[in-house]
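Here is a short report on one protein model. Keep the sequence and the coordinates open while reading.

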Amino acid sequence: KILILDFGSQVTQLIARRVRDAGVFSEVYPYDVSDEFIRNYGASGVILSGSHNSTLEGDSPRAPQAVFEIGVPVLGICYGMQTMAAQLGGKVENGLVREFGYAEVRARNHTALLNGINDFVTDEGHGMLKVWMSHGDKVLEMPAGFKLMASTDSCPIAGMADEERKFYAVQWHPEVTHTVQGKAMLGRFVHEICGCKADWNMPDYISEAVEKIRAQVGKDEVILGLSGGVDSSVAAALIHRAIGDQLTCVFVDHGLLRLNEGKMVMDMFSKNLGVKVIQVDATEQFMGHLAGVTDPEQKRKIIGREFVEVFQAESAKLVNAKWLAQGTIYPDVIESAGKGKKGQTIKSHHNVGGLPETMKLQLLEPLRELFKDEVRKLGVALGLPHEMVYRHPFPGPGLGVRILGEVKKEYADLLRRADAIFIEELRNTPYEGAAMPGEDAPANWYDATSQAFAVFLPVKSVGVMGDGRTYDYVVALRAVQTQDFMTAHWAHVPHSLLGKVSNRIINEVRGLNRVVYDISGKPPATIEWE
Ligand code: XMP
């Protein structure tokens, strides 16, 4: 396995993703773990991430010295290269100008990392690589034992290697897709240089995870809050595979789910997979508490609180349960356990599924090591339908944050139908744009957007239908494209598609007579309207 030490770069997680894509298990830890941790971890190789820090500042972060003493290959990326240089006796200088974006680097000296991978060859016969750079400082002098591995005009030491000790360092970011050969570079590092086999795959993972769950819970009973979202669904399927009827799921319907969602969840889990699911229809209770409340934060609090209450009441009936299972995934772990604390901005986590400590249950979190795309692959491997596993994310408070102001059942019913029409048309419209580098082209507009939904606006406007005047509500359509949901662009979905959706909504949903499209990015807007 590969150990990645995080110095706070925004893209550290991507390194782990790419290494796992190469079939090698890898984990991210903060840079300030102890020497002892490094010696005991059992890494076949170590990768030092980038950072927004400068090695030239007095108290800037350093890798534990043990990293360079345990005899395994090390790859320094950007800041990781600079700290490697500084710690091994080289020199780093302030570059004065920040270099940011595409660069063409010349590969030198036929190192094991770069030899034979070029994006193009110059007239003089130099092998060149198109890479993505983002740095201010740069290495001025290499430490003893290193040779030049790559250079650019503005950064003469853009890569260096000590092939004796198997230390490699690059100033660019091989983990981002803009570095065309990035995958090949990381692949070479883990396979050829570290000698790791590509044996991290889903079927093996499932059998290991199943064994682990069995060993962990023994004969105990487990409860799980099923929301219909990807993470809790995959966790349920995996745990059910391991312990069958020892698992009971509680599915709370707060009346703010999408069209037919409750039925879909029950059909899939209860009917198809044979999982024990207790469905609780708490619509009345939620609507009751939400009546008259218009403040968005207050609405969120009420929904969160009621959810916990209903869940607790239901699980209290399962007197033998000793474990509470949750669909916590690796990015949640990194964010909340402070592993990613070194970064500058971290998304605040707001999940209604985050349940109370007062329940005195032990936590079972079988997806803790997985990234979202791995969770999806696992879901498919466990037999969940592709369509549900590749669904857009849906917020815990559900339609509660998509009905502006006071929530009413009447509004939720209108919104559900409009939303379903929008989603159906997105799914049915083929996507003809280009794919992201290194990824498959999306088949349709649903897959080409990261999140899409309708929002209910509790204002009425005048319309005309047939010969009659209408005076009805408005819905807004929102579709965004984003990598991390922290920033997002509004999606340029075709006008013909929007036109069709608008026609269908107004014709099919009595009570709505106007449809608008949201063209705000995040920032300054957020993805949800509340
Ligand atoms: P915003 O609106 O903040 O949303 O741009 C970013 C992402 O987070 C989702 N979201 C939530 N998810 N509980 C959740 O589980 C919540 O309370 C919540 N609020 C927003 C939102 O759908 C988007 O994907």
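Predicted model: local features only at pLDDT ≥ 70, side-chain atom pairs only at ≥ 80, totals over all residues.

Residues are numbered from 1 along each chain as its sequence is written.

## Annotated active site

In an unreviewed entry, UniProt places the feature "active site" at Cys78, His173 and Glu175. UniProt positions follow the numbering used here, feature names are shortened, and annotations may be inferred rather than shown by experiment. The three positions span 98 residues in sequence, yet no two of their C-alpha atoms are more than 11.0 Å apart, so they gather at one spot.

Cys78 lies in the loop between β4 (74-77) and α3 (79-87). Helices (H or I, at least four residues) and strands (E, at least two) are DSSP runs, numbered from the N terminus. Cys78 counts as buried, with 26 C-beta neighbours inside 10 Å. A residue is buried if 20 or more other C-beta atoms lie within 10 Å of its own, exposed if 12 or fewer, and partly exposed in between; C-beta atoms are placed from the backbone. Not counting residues up to four places away in sequence, Cys78 touches Gly50, Ser134, His135, Gln171 and His173. Contact requires that the C-beta atoms of two residues, placed from the backbone, lie within 7 Å.

Glu175 sits in the loop between β10 (167-170) and α4 (182-193). Glu175 is buried too, with 27 C-beta neighbours inside 10 Å. Residues up to four places away in sequence aside, Glu175 touches Val11, Leu14, Ile15, Arg18, Gly182 and Leu186.

Helix α1 (residues 12-21) has eight of its 10 residues buried, so it is largely enclosed by the rest of the structure. Among the buried residues of α1 are Leu14, Ile15 and Arg18. Just after α1, Gly23 takes a positive phi of about 85°.

## Annotated binding site

For "binding site", again from an unreviewed entry, UniProt lists Ser227, Gly228, Gly229, Val230, Asp231, Ser232 and Ser233.

Are Asp231 and Ser233 buried or exposed? Asp231 counts as buried, with 22 C-beta neighbours inside 10 Å. Ser233 counts as buried with 27. Leaving aside neighbours within four places in sequence, Asp231 is in contact with Gly327, Ile329, Leu367 and Val375.

## Helix packing

Helix α13 (residues 409-428) and helix α15 (residues 495-508) pack at an angle of about 150°, with their axes 9 Å apart. Axes are lines fitted to C-alpha atoms, for helices over the stretch in contact, and angles run from 0 to 180 degrees between N-to-C directions. That makes α13 roughly antiparallel to α15. Angles under 35 degrees count as roughly parallel, over 145 as roughly antiparallel, 65 to 115 as roughly perpendicular and the rest as oblique.

On the α13 side, Ala418, Ile421, Phe422 and Glu425 make the contact; α15 supplies Leu497, Lys500, Val501, Arg504, Ile505 and Glu508. These residues divide into six nonpolar, no polar and four charged. Ala, Val, Leu, Ile, Met, Phe, Trp, Tyr, Cys and Pro count as nonpolar, Asp, Glu, Lys and Arg as charged, and the others, Gly among them, as polar.

Helix α5 (residues 202-217) and helix α11 (residues 372-381) pack at about 80°, with their axes 10 Å apart. That makes α5 roughly perpendicular to α11. Met202, Pro203, Tyr205 and Ile206 of α5 meet Lys377, Leu378 and Ala381 of α11. By class, this contact has six nonpolar, no polar and one charged residues.

## Backbone geometry

| Cis peptide bond | Omega |
|---|---|
| Lys522 and Pro523 | about -15° |
| Pro523 and Pro524 | about 10° |

Pro523 is found in the segment after β19 (512-517), and Pro524 is also placed after β19.

Asn109 has a positive phi of about 65° although it is not a glycine. Asn109 lies in the loop between β5 (91-107) and β6 (120-121) and is partly exposed, with 14 other C-beta atoms within 10 Å. Lys166, also not a glycine, has a positive phi near 60°. Lys166 lies in the loop between β9 (159-162) and β10. With 19 C-beta neighbours inside 10 Å, Lys166 counts as partly exposed.
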